[in-house]
Amino acid sequence: MSAGVETTTEQDRPAGWLAAAWYKITGLPFLNTLIAIVLLYAIITFITGDTFNTPQNQITIMRAAAVFLILAVGQTLVMNTGGIDISTGSMVGVVACLIGTGMAAGWIPAILAIPAAILLGALLGAFNGFNVTVLGVPPLLATLGTFVAYRGFAQHYMGANMVSTMPDLIVGIGRNFFLGLPVAVWIALLVAAMGWFLLAKTTYGRWLTAIGSNPRAAEATRINVKAVVASTYVIQGALAGLAALVLMGRLASASSAMGEGLELHIIAAVVLGGTFLFGGRSTMVGTVLGVYLIGMLENGLIQTGAGFFIQRIILGLLIIAAVALQLRRR
Amino acid sequence: MQEAAAAAMPLVEMVGLEKRFGGVRALNGATLTIYEGETLALVGDNGAGKSTLVKALSGVQPPDGGEIRLKGQPVTIPSTRDAGALGIEVVYQDLALANSLDVPGNVFLGDELTRTRWGWFSVPDDRRMLQETEATLERLRIRIPDPRRPVGTLSGGQRQAVAIGRAIRKPDITLLVLDEPTAALGVEEVKKVLGLIGTLKSQGQSMLVISHDLEHVFQISDRIAVMRSGRVQGVVTTKDVTKTDVVRLIVGDIGTGVAA
C-alpha cells in the first residue's frame, strides 16, 4: 500500500528524533538530503550575493543536472541490487562518438538517432550485465573494465577529431525550452518519474530491493535473479544513450572526451540521496534531491571561483563522507 | 503411535540415496519414510548426512543414486523449483529473508499478488497480500504487531514465523522441512517456535524437522530418525525411547536393532 518498497526499510529511517518525527509524518526517508540542500543553498547565497539565487541561475543548475539525473535514475536501480556501474561516462562517450559521426556523415537521420542512441547504450549496458551475472565478475571491476575499454574505444575511433555540427532536432533537445523549463529537464523528470514508478510501484522494484537486501533470499524464490540484475545494467546503458543525446544537443558537438568524469557526479548524487551503497534500500525522490544537491554544489563552487580541480576534490571527498555516514547509521 | 504411523500412508519415501563428494560418501544408501501427518525428527552428528539428505529432497543437490517416491510415485527433484512444484517446502536455518522488505513482501516474494498483469512490471496488490499474510499468521497463531515493518527489525522467533509462513502459504504444500528451527534463538523465542510447530502438527501438517537439540526433538516429534555415516541407522517412536537411547544411536553405541 501507500509507498510500497520505497519506504519500508528500517535503515531508511534517519537517526535522531527530528528525523524520526519527520519520517513518521511524511513517510519520506530523505530528510538529511533536504536539510543539506537548504543549508547549502543558504550558505552559497550568502557567499555569492545575488548571482546564485536567481531564477536564471536555477535554470542553469537544472539544465546541467538534467544529464546527471537521467544517469542517476539508472544508477539507483543498479545500486539497489547491491551493484554499481562506474562505466556510465564512458558509455556516454561511445554513444556520442558513434551516433555523432553517424549523423554528421548523413548515415543516421536525426529522428532515428534517438532510438539508435538508446539501443546502442542498452547494448553497452548489456555487456556489463553479462559480465556481472553470467561471468560473475564483481560489478565494481566489471564496470571498471568497461570504464576504461569504452573510453579507449571512443578515443581510438575519434582520435582528436570532433563532430561540430548537430541536426536541429538534437540541438533542440539540449537547448530549447518548453513551458519555461529546458526540454532536457523535462526529459530528465520524465525518466525520474518512470524510475520512481519502477522502483516503488512494481514487483520489479521490490525484487531489486530483495536482491540487494539478501541475494540468497531472492534466489530461493521464483525471481530470475540474474536476468533482473542484468536488466538494471541494460537500463543504465539505455539511459547513458539518452544522456549522450542530451549532451550532444547542449554542446552541439561530439568528441571522445564526452561524459568524462560523469560517473563521479552520478554516484555521489545517488549516495547523497540515501541509496545504500551495498544495496537493499533506495528511493528515487532521494536521488532527485541528491542530483539537485550536486548540481547546486557544483554551480556554487563555480560562482565562488573554485576551479574544476577543486570541484573534483570536493566531490570525491563527499562520496567518502556520505558512505561513511551511511555506515555509521546502520 | 507406531501403529498409527504404520496405518498412515507413506508420504515421502527415500530409498537407498547415494551422494559422493570426491572421496566422501555423504549419503551411503540412506533410506527413510515419512508418513502423512507425522512429525519426523532427523538427528545425527555433524557430518552424518542430515543436510545432504535435505538437499536431495529440496532439489538443491540431487542425489547420485537411489529413489525418491512421493505418495508412491517415483519422482526426480533436479531443482528447488521442482521441489516447490511437488509441494516440498524447506525453511532453512539461516532463514533466507530480505530484511528490507516487510512481512507480506517476504511471504510473497517472487510470487506477488498483483493488480495488473504486466509481467515483471506488475503493480503489487499490497492490501490483499497483507490480508493473506495476516490469515497465514493467524493460522500459525503468531502475532506480529505491525507486519508492515521490515523483517530486519523483527525478533528471531517472529522471523522464523515469517519464514514458515512463507513456506506454508501455498495451499498445496505436502511436506514442510524445517532445518534447525530453534537454533540461535532465545529461550522465550524457542518456546514460541515449538508452539508454532505444535500448531502445525495439530493441523495435520506433515513435517521433517532437523535438529541438534534432543530436548526440542522429544517435545515435538512423533518419531525420530537417527543418521550416522550417510545412513539412517534407526528410526524410533519418540514416546517409546529415552534421550539416552537416542544419544547411543547417534554415537553408534548400539547396533541397528531398534525398529528401522
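Mentor: Start with T136(B). Leaving out residues up to four places away in sequence, T136(B) touches G165(B), I168(B) and R169(B). Contact here means heavy atoms within 4.5 Å. T136(B) sits in helix α5 (residues 126–139) of chain B. Helices (H or I, at least four residues) and strands (E, at least two) are DSSP runs, numbered from the N terminus.

Trainee: What ground rules apply to this model?

Mentor: This is a predicted model, where local features need pLDDT of at least 70, side-chain atom pairs count only at pLDDT 80 or more, and totals for chains, interfaces and linings use all residues. Residues are numbered from 1 along each chain as its sequence is written, chains are lettered from A and ligands numbered from 1 in the order in which they are written, and side-chain values use heavy atoms, with hydrogens and water left out.

Trainee: Does T136(B) count as buried or exposed?

Mentor: Buried means under 20% relative accessible area, exposed over 50%, and partly exposed in between (1.4 Å probe, protein chains only). T136(B) has 10% relative accessibility, so it counts as buried.

Trainee: Where does F108(B) lie, and what does it touch?

Mentor: F108(B) is in the loop between α4 (103–107) and α5 of chain B. Its relative accessible area is 0%, so F108(B) is buried. Not counting residues up to four places away in sequence, F108(B) touches L113(B), M129(B), E132(B), T133(B), R166(B) and R169(B).

Trainee: Why is helix α2 of chain B largely enclosed by the rest of the structure?

Mentor: Count its buried residues. Seven of the nine residues of α2(B) (residues 50–58) are buried, so the helix is largely enclosed. Those seven are K50(B), T52(B), L53(B), V54(B), A56(B), L57(B) and S58(B). Just after α2(B), G59(B) takes a positive phi of about 85°.

Trainee: How is chain B divided into domains?

Mentor: Domain bounds come from an automatic or database domain assignment. Chain B has domain 1 (1–87 + 175–181 + 205–260) and domain 2 (94–173). Their C-alpha centres lie 29 Å apart. Six residues of domain 1 are in contact with seven residues of domain 2.

Trainee: Now the largest pocket. Which residues lie nearest its centre?

Mentor: First the general idea. Rolling a probe the size of a water molecule over the atoms shows where empty space is left. On a 1 Å grid over the protein atoms alone, a pocket is an open set of points where a 1.4 Å probe fits, with protein on both sides within 12 Å along at least five of seven lines; lining residues have an atom within 4 Å of a point. Here 34 residues line the largest pocket, and A220(A), T221(A), T80(B), E89(B) and V90(B) lie nearest its centre. α3(B) gives the largest share of the lining, five residues. Domain 1 and domain 2 of chain B each supply at least three.
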